[in-house]
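Here is a short report on one protein model. Look at the structure first, then read on.

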Amino acid sequence: MVDTDSVAEEIVPVLRVADAAAAVRWYGRLGFARTWEHRFEPGLPLFVEVARGPVKIFLSEHTGDAVPGGLVYLRVRDIDAVAAVFGAVVAEVPWGRELELTDPDGNRIRVGDAAGEKGGAE
């Protein structure tokens, strides 16, 4: 039996990728690192978890797991550093500062400044 009081609850988005190894390299530029991967047997699709501190994303080559072109919102403390790595422009928006990136598979990663978060939409 699982002790549910000691298990952390979380939501982990699943993004569809064509090449998990290439996706891991791209997400590495955002500060994510591969924590584990699974393949049922050689030649079958790869499923990978990447993490940036406590933030996790599953990257899946399995066609039924997700559709390309998803959107994930990532709040970070270092948005200017992320912008510099990707050569992106940080926009001022009513709820803070953010930028949008697109991974090699068409998934959008909207990055917001955690320090500028004003607590949600009105």
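Strand β3 (residues 47-52) and strand β4 (residues 55-60) run antiparallel and are joined by six bridges. Ala51 has its bridge partner in β4, Lys56. Strands are DSSP runs (E, at least two residues), as are helices (H or I, at least four), numbered from the N terminus. Two strands pair if DSSP finds at least two bridges between them.

β3 and β4 belong to an open sheet of four strands, ordered β1-β4-β3-β2, with mixed pairing. β1 (14-16) and β2 (33-38) are the edge strands, and each pairs on one side only.

Helix α1 (residues 20-28) lies across β1, β2, β3 and β4, at about 155° to β4. Contact here means heavy atoms within 4.5 Å. Axes are lines fitted to C-alpha atoms, for helices over the stretch in contact; angles run from 0 to 180 degrees between N-to-C directions.

## How the model is read

This is a predicted model: local features need pLDDT of at least 70, side-chain atom pairs need 80 or more, and totals for chains, interfaces and linings use all residues. Residues are numbered from 1 along each chain as its sequence is written, and side-chain values use heavy atoms, without hydrogens and water.

## Another sheet

An open sheet with mixed pairing has the strand order β5-β8-β7-β6. β5 (71-76) and β6 (91-93) stand at its edges with a single partner strand each, so one side of each has no neighbour in the sheet.

Three bridges link β6 to β7 (residues 96-102), and the two run antiparallel. Glu92 has Arg97 in β7 as its bridge partner.
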